[in-house]
Amino acid sequence: MKRVARYALLLLVLAITIGPFLWQLSTSLKGAGEDVYAPVFVPSDPTLANYAGVADAVPVWTFALNSLLVAVVNVVTNCVGASMAGYALARLRFRGRRLAALVFASGILVPFEVILISLFLVMRSFDLTNTLTAVVLPGAIGALNVLLMRNAFLALQPEVEEAAVIDGANAWQRFWRIAVPSARGTILVVALFSFMFSWDDFLWPLVVLSDPDKYTLTIGLAYLQGTFFQNQRLVAAGTIIAVAPLIVLFISLQKHFFRGVGEGAIKG
């Protein structure tokens with residue numbers, strides 16, 4: 001009986017989690033003659049015309065390219081910057097190390113909306129508004145990513161580094177040749193998180209960008225609801241276009257992802 005209840009609960013959670021996505025996917029494939037509000041997940045006459053309609057309505061590939069550029073840059077800056085900061089907090093000895101770790105931990109607790117206006121004023125003072133650089137900078141090195149890397153490097157056996165010190169390795173050599181290879185799984189987790197957060201970000205690009213040619217995908221697809229509010233098929237197709245790269249990326253790397261999560265949670 002307990003097993004039946006357990007599987008029933010899992011099926012309920014699966015329906016709540018996957019159901020809306022399947023509904024959107026079904027809606028995006030429905031033709032003009034089908035009811036988009038009917039609880040039917042398999043269209044009677046599936047079509048890809050709605051996806052072509054999205055490309056005709058908005059320059060979706062330009063938006064996607066902008067989002068890809070922002071996401072890739074954020075992945076690189078977070079993997080490099082968070083790894084260096086995490087290694088410094090975990091393995092190097094300097095005054096204020098615990099305070100620095102506390103500051104990074106506190107940064108996670110601050111809602112982005114609290115610092116939104118301050119960030120915009122900073123970008124405006126550097127004349128960076130309406131540029132993709134302004135979109136990239138706030139997420140260039142995430143506090144959560146730094147803490148993940150710190151935990152991964154704390155799990156490194158001290159004897160390994162001590163042997164490297166005896167062999168004459170300096171801090172940079174120990175970082176690149178010992179610490180980074182040992183935390184590859186966590187670095188991959190950081191890369192995935194950075195890509196997902198950058199790709200999905202809506203509020204900050206909406207605030208800092210005003211030129212439609214520089215819009216990211218999430219902002220650009222929002223125009224579908226204003227221009228084609230009655231055509232839910234195009235809205236659903238745009239949603240699938242935005243989500244599909246994340247799903248493919250996660251499915252491709254899920255094995256390494258879960259391994260990296262465990263790697264970064266060994267020691268806090």
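This is a predicted model: local features need pLDDT of at least 70, side-chain atom pairs count only at pLDDT 80 or more; totals for chains, interfaces and linings use all residues.

Visitor: How far apart do the end C-alpha atoms of residues 101-122 lie, and what percentage of the span is helix? Then please walk me through the pockets.

Guide: In residues 101-122, the end C-alpha atoms sit 25 Å apart, with 91% of the span in helix and 0% in strand. An unreviewed UniProt entry annotates that stretch as a "transmembrane region", along with 68-89, 128-148, 178-199 and 234-253. Residues 234-253 are 100% helix and 0% strand, and their end C-alpha atoms are 30 Å apart.

The largest pocket comes in at about 820 Å³. It is lined by 25 residues, and the closest to its centre are Phe112, Pro138, Gly139, Gly142 and Phe197. Several helices give at least two lining residues each: H3 (60-91), H4 (97-109), H5 (112-125), H7 (143-154), H10 (184-200) and H11 (203-208). H4 provides the largest share, four residues. By type, the lining of the largest pocket has 16 nonpolar residues, eight polar and one charged.

The second largest pocket has a volume of about 350 Å³. Its lining takes in 17 residues, with Ala90, Arg91, Leu92, Arg93 and Arg97 the closest to the centre. Here the elements giving two or more residues are H3, H4, H7 and helix H8 (158-166). The lining of the second largest pocket splits into eight nonpolar residues, no polar ones and nine charged.

Conventions. Residues are numbered from 1 along each chain as its sequence is written. Side-chain values use heavy atoms; hydrogens and water are left out. UniProt positions are given in the numbering used here, feature names are shortened, and annotations may be inferred rather than shown by experiment. On a 1 Å grid over the protein atoms alone, a cavity is a set of points where a 1.4 Å probe fits but cannot get out, and a pocket is an open set with protein on both sides within 12 Å along at least five of seven lines; lining residues have an atom within 4 Å of a point. Grid points are joined across faces, edges and corners, and a volume is the space filled by probe spheres set on the points. Ala, Val, Leu, Ile, Met, Phe, Trp, Tyr, Cys and Pro count as nonpolar, Asp, Glu, Lys and Arg as charged, and the others, Gly among them, as polar.
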